[in-house]
Amino acid sequence: LDLSQHGSITGRILDDFGLQPIVTRLGPVGRSVETYWQAARWLAHGFSQVLIRRRQARRRWFLDADGVVLVHGDTLSTLLGLYLARAANLRTGLVEAGLTSHHLLDPFPEEWIRRHAGRKADYLFTPSRSAATWLNESRPNGLVVNTGYNTGRDALQLILNHSLRPRHSAIAPAEKYGIVTLHRLETLSSKSRLRKAIRHIVALSEVLGELCFYLHPPTENALRRDGLYENLAQSPHIKLRSLAPYPEFVRALTETRFILTDGGSIQEEAAYMNKPCLILRNRTERSDGLNENAILSTWNIEQDAAHLEKKAGAVLAKPDLGNFDASRTILDALREFRN
């Protein structure tokens, strides 16, 4: 079920991974949610389907199929997918369950969504033993299954082992560079947080050299809204890039010196690839690479630049990504649940 939050790129992602599933869609093909107004309309439309079309949900969205509906992470689409599945009277599984910052309102609403979905889902797939322990101590209603690591690592493995190749050449420059991404709701929805992050990024670029800033459409809209886009566009050290296809972006990650991000998934990818990473947040729910290749930003230019330069100059071990064990664990569990 394509919830159509990122409808303009869903088809491209399926193509990148060689998938041809039967797709049902909540919204029109080719449209994505890029502004707050669009997000409000999209969410209102989605939950109206939960309330108004409850009797039709199983047939309309799930083609009268039986089984377990998987939702993932801590986003608004996690919440909407969960309730659409419940309206269809289908069992649900939450992938990447049990991660926590231990602060209900930071990040908000991501922390609340993950906890809420964890209380409602029938099966909870955790990426680590510590996440499973925290969930079990919380006495969840669902069955906890530890997958050992996050399935994003398996997706990364598919790209890096060349079973899938970028459809286009990497768009990052040949010279040394760093990569920047910002996309979390907690960052984009707060003018003060976004301004703080952009000031820090610009200052670091003056010390560290060229940065390639990959812009999600909502990020670009937020930057323009707050009058920050032109500052970045005029910086001699920052190159603004459109959101790249995943294989292409992974190629750029393999060649970058370091990563600046507020995203948990990219924090994970940086850890798997042994890339220096600065997390542009005050807290993170993930332990991947923390205080090893990655640190939470101190918001001090000299300290953060020193961390990135030191790690970028080190000889790092070749990443060992594994053998798709997390995905296999989930598939095996789904077969068992079905039986």
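Arg286 is buried, because its relative accessibility is 6%; buried here denotes under 20% relative accessible area, exposed over 50%, and partly exposed the range in between, with a 1.4 Å probe and protein chains only. The model is predicted, so that local features need pLDDT of at least 70 and side-chain atom pairs count only at pLDDT 80 or more, whereas totals for chains, interfaces and linings use all residues. Residues are numbered from 1 along each chain as its sequence is written, and side-chain values use heavy atoms, with hydrogens and water left out.

Arg286 forms a salt bridge with Glu96, with the closest N and O atoms 3.1 Å apart; a salt bridge is defined as a side-chain nitrogen of Lys or Arg within 4 Å of a carboxyl oxygen of Asp or Glu. This pair links distant parts of the chain, 190 residues apart: Arg286 lies in the loop between β9 (277-279) and β10 (294-296), and Glu96 in the loop between β2 (91-95) and α5. Helices (H or I, at least four residues) and strands (E, at least two) are DSSP runs numbered from the N terminus. Glu96 counts as buried because its relative accessibility is 3%. The C-alpha atom of Glu96 is 9.5 Å from that of Gly152, although the two residues are 56 residues apart in sequence. Gly152 belongs to helix α7 (residues 152-160) and is partly exposed, at 26% relative accessibility.

In total, 19 salt bridges are counted by this rule. A further pair is formed by Arg184 and Asp74, whose closest N and O atoms are 4.0 Å apart. Arg184 lies in the loop between β5 and α8 (185-188) and Asp74 in the loop between β1 (68-72) and α4 (76-87), so the pair ties together parts that are 110 residues apart in sequence. Both Arg184 and Asp74 are buried. Glu186 forms a salt bridge with Arg193, with a distance of 3.8 Å between the closest N and O atoms. Within this pair, Glu186 is buried, with a relative accessible area of 5%, while Arg193 is partly exposed, with a relative accessible area of 35%. The residues Asp74, Glu96, Arg114, Arg184, Glu186, Arg193, Glu268, Arg281, Glu285 and Arg286 are linked in a network of salt bridges.

Glu110 is located in helix α5. Glu110 is buried but has no salt bridge, and Arg184, the nearest side chain of opposite charge, is 4.0 Å away; for charge, Lys and Arg count as positive and Asp and Glu as negative, with His and the chain ends not counted. Residues up to four places away in sequence being excluded, Glu110 touches Asp74, Arg184, Leu185 and Glu186, where contact means heavy atoms within 4.5 Å.

Helix α5 (residues 110-120) also contains Trp112, which counts as partly exposed at 31% relative accessibility. Together with Leu104, Leu105 and Phe108, Trp112 makes a nonpolar surface patch of about 400 Å². Patches consist of residues with over 30% relative accessible area and no salt bridge, like charges being joined within 9 Å and nonpolar side chains (Val, Leu, Ile, Met, Phe, Trp, Tyr) within 5 Å. Accessible areas come from the Shrake-Rupley method with a 1.4 Å probe, and for residues only the protein chains shown count as cover.

Strand β5 (residues 178-181) is covered on both faces, with Gly178 and Val180 buried on one side and Ile179 and Thr181 buried on the other. In a regular strand the side chains alternate between the two faces of the sheet. Strand β5 runs parallel to strand β6 (residues 211-215), to which four bridges join it; strands are taken to pair if DSSP finds at least two bridges between them. Within β6, Phe213 is the bridge partner of Val180. Three bridges join β5 to strand β8 (residues 259-261), also in parallel, and Thr181 stands opposite Thr261 in β8.

Helix α12 (residues 246-255) is mostly covered, seven of its ten residues being buried. These buried residues are Tyr246, Pro247, Glu248, Phe249, Val250, Ala252 and Leu253. Their cover includes α1 (7-16), α7, β5, β6, β8 and α13 (264-272).

Ala65 is placed in the loop between α3 (57-62) and β1 and is partly exposed, at 35% relative accessibility. Ala65 touches Arg58 and Leu90, residues up to four places away in sequence not being counted. The C-alpha atoms of Ala65 and Pro28 are separated by 22 Å, the two residues being 37 residues apart along the chain.
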